[in-house]
Amino acid sequence: MHIRTVEISDDMIRLGQFLKLAGLAEDGGQAKSLIEEEEVTVNGRVETRRGAQLRDGDVVAVGEEKARVVTA
């Protein structure tokens, strides 16, 4: 399965922001819903905190779509 890389400029990013940046959610409302409905995993584990901090190398998945955090 293809995992696309999404570059961030800081050392970390919050999950809700990353979902939007990576195109895994259309907006903040959808990101919140996906997280609340336990449809988001980080490194293979369900994540229910929208403010969870992601770092370089973390893999976020929504359904079959996956994106890896890469710091610039």
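My entries start with the ground rules and then go from the sheet to the helix.

**Ground rules.** I am working on a predicted model, where local features need pLDDT of at least 70, side-chain atom pairs count only at pLDDT 80 or more, and totals for chains, interfaces and linings use all residues. Residues are numbered from 1 along each chain as its sequence is written, and side-chain values use heavy atoms, with hydrogens and water left out.

**Sheet.** I looked up the strand order first. I found 5 strands in an open sheet, running E1-E7-E6-E3-E4, with mixed pairing. Strands here are DSSP runs of E with at least two residues, helices are runs of H or I with at least four, and both are numbered from the N terminus. Two strands pair if DSSP finds at least two bridges between them. At the edges I have E1 (4–8) and E4 (45–46), each pairing on one side only.

E4 pairs with E3 (residues 40–42) in the antiparallel sense, over 2 bridges. Threonine 41 is the residue standing opposite valine 46 of E4.

**Salt bridges.** How many salt bridges are there? My rule was a side-chain nitrogen of Lys or Arg within 4 Å of a carboxyl oxygen of Asp or Glu. That gave me 2 salt bridges. As background, side chains of opposite charge can pair when their charged atoms come close.

One is between arginine 4 and glutamate 65, with the closest N and O atoms 3.4 Å apart. Arginine 4 sits in strand E1 and glutamate 65 in strand E7 (residues 65–71), so this pair ties together parts that are 61 residues apart in sequence. For accessibility I call a residue buried under 20% relative accessible area, exposed over 50% and partly exposed in between (1.4 Å probe, protein chains only). Arginine 4 is partly exposed at 29%, and glutamate 65 is partly exposed too, at 42%.

The other joins glutamate 47 to arginine 49, with the closest N and O atoms 2.9 Å apart. Is glutamate 47 buried or exposed? I read 13% for glutamate 47, so it counts as buried. Arginine 49, at 51%, counts as exposed.

From arginine 49 I went across to glutamate 36: the two are 13 residues apart in sequence and 8.1 Å apart, C-alpha to C-alpha. Glutamate 36 belongs to helix H2 (residues 28–36) and is exposed at 56%.

**Helix H2.** What caps the N-terminal end of H2? I found aspartate 27 there, with a side-chain oxygen 3.1 Å from the backbone nitrogen of glycine 29. Its side chain also reaches the backbone nitrogen of glutamine 30, at 2.8 Å. I counted a polar contact as a pair of N or O atoms within 3.5 Å; within protein, one must be able to donate a hydrogen and the other to accept it, and residues adjacent in sequence count only if both atoms are side-chain atoms. Aspartate 27 itself lies in the loop between helix H1 (15–21) and H2, and is partly exposed at 40%.

Next I listed the buried residues of H2: Ala31, Leu34 and Ile35. They span an arc of only 95 degrees around the axis, so they sit on the same side of H2; I took the arc from the directions from the helix axis to the C-beta atoms. Their cover includes H1, E3 and strand E6 (59–62), with contact meaning heavy atoms within 4.5 Å.

Last, I looked past the end of H2. Glutamate 38 follows H2 and has a positive phi, near 55 degrees.
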